[in-house]
Amino acid sequence: QVQLVDSGGGSVQAGGSLRLSCAVSGDTYRSYCMGWFRQAPGKEREAVATVHSNGIIAYYADSVKGRFTISRDNVKNMWYLQMNSLKPEDTAMYYCAARERTCPAITPTPAAFPYWGQGTQVTVSS
């Protein structure tokens with residue numbers, strides 16, 4: 001089955017930037033909807049962004065529009081979340097996720113994504 005490894009988290013001051021990466025292995029011949037979710041302590045896991053296999057953006061959370069960019073590299077079978085102008089409220093565990101079919105037509109939910117990374121912590125101070 002598909003295995004996901006996410007990375008790139010860390011601690012940064014407000015206004016700073018981080019770039020998260022996700023690498024997928026396994027059934028790489030399949031095309032997937034790729035995405036990022038985040039979960040802060042005591043809160044539900046929420047979708048941040050998703051991108052279709054053809055590179056078209058499917059979803060951005062209102063809270064990250066204009067600051068975060070999701071992208072994918074189908075040759076390397078990786079995808080990324082570039083996070084700029086980070087705010088303390090962005091602090092969360094970030095998870096990459098994938099599914100075997102096209103991205104959801106509505107706001108993504110965790111249940112729609114069978115494959116998950118282990119999570120990478122993003123902490124924004126100030």
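Which residues of the largest nonpolar core touch the most other members? They are Leu4, Trp36, Trp79, Leu81, Met83 and Tyr94, in a core of 37 residues. The model is predicted. A search of the whole structure finds two disulfides, and the structure also holds four salt bridges.

- Two or more residues each come from strand 3, strand 4, strand 5, strand 6, strand 7, strand 8, strand 9 and strand 11 (120-125).
- Strand 9 is the element that gives the most to this core, with five residues.
- In soluble globular proteins, nonpolar side chains tend to be buried together.

- Four strands form an open sheet in the order 1-3-8-7, and their pairing is antiparallel.
- Strand 1 (3-7) and strand 7 (68-73) are the edge strands, each of them pairing on one side only.
- From one strand to the next, the twist averages 15°.
- Strand 7 and strand 8 (residues 78-83) run antiparallel and are joined by six bridges.
- Gln82 in strand 8 stands opposite Thr69.

**Disulfide of Cys22 and Cys96**

- The sulfur atoms of Cys22 and Cys96 lie 2.1 Å apart in a disulfide.
- The link of Cys22 and Cys96 is right-handed, with 55° about the S-S bond.
- Cys22 and Cys96 are both buried.

**Disulfide of Cys33 and Cys103**

- In the disulfide of Cys33 and Cys103, the sulfur atoms are 2.0 Å apart.
- Distant parts of the chain are linked here as well: Cys33 is in strand 4 (residues 33-39), and Cys103 is in the loop between strand 9 and strand 10 (115-116), 70 residues apart.
- The disulfide of Cys33 and Cys103 is right-handed because the torsion about its S-S bond is about 100°.
- Cys33 counts as buried because its relative accessibility is 1%, and Cys103 is buried with a relative accessible area of 5%.
- Counting bonded cysteines along the chain, the disulfides follow the pattern 1-3, 2-4.

**His52**

- His52 sits in the loop between strand 5 (46-51) and strand 6 (57-60).
- The relative accessible area of His52 is 19%, and the cut-off for buried is under 20%, so His52 counts as buried.
- Leaving aside residues up to four places away in sequence, His52 touches Tyr32, Ile57, Ala58, Arg72, Thr102 and Cys103.
- Cys103, one of these contacts of His52, is also the disulfide partner of Cys33.

**Salt bridges**

- Arg38 forms a salt bridge with Asp90, and their closest N and O atoms are 2.9 Å apart.
- The pair links distant parts of the chain: Arg38 belongs to strand 4 and Asp90 to the loop between strand 8 and strand 9, 52 residues apart.
- Asp90 and Arg38 are both buried, with Arg38 at 6% relative accessibility.
- Arg38 also meets the side chain of Glu46 in a salt bridge (2.9 Å, N to O).
- Glu46 is partly exposed, its relative accessible area being 37%.
- Salt bridges that share partners join Arg38, Glu46, Arg67 and Asp90 into one network.
- Asp62 and Lys65 meet through their side chains in a salt bridge (3.1 Å, N to O).
- Asp62 is exposed because its relative accessible area is 64%.
- Side chains of opposite charge can pair when their charged atoms come close.

How values were computed: Residues numbered from 1 in each chain as written. Predicted model: local features only at pLDDT ≥ 70, side-chain atom pairs only at ≥ 80, totals over all residues. Heavy atoms only, no water. Buried < 20%, exposed > 50% of the residue type's maximum accessible area, 1.4 Å probe, protein only. Contact = heavy atoms within 4.5 Å. Pairing = 2+ DSSP bridges. Axes fitted to C-alpha atoms, helices over the stretch in contact; angles between N-to-C directions. Disulfide = S-S within 2.5 Å. Core = buried A, V, L, I, M, F, W, Y, C linked by side-chain atoms within 4.5 Å.
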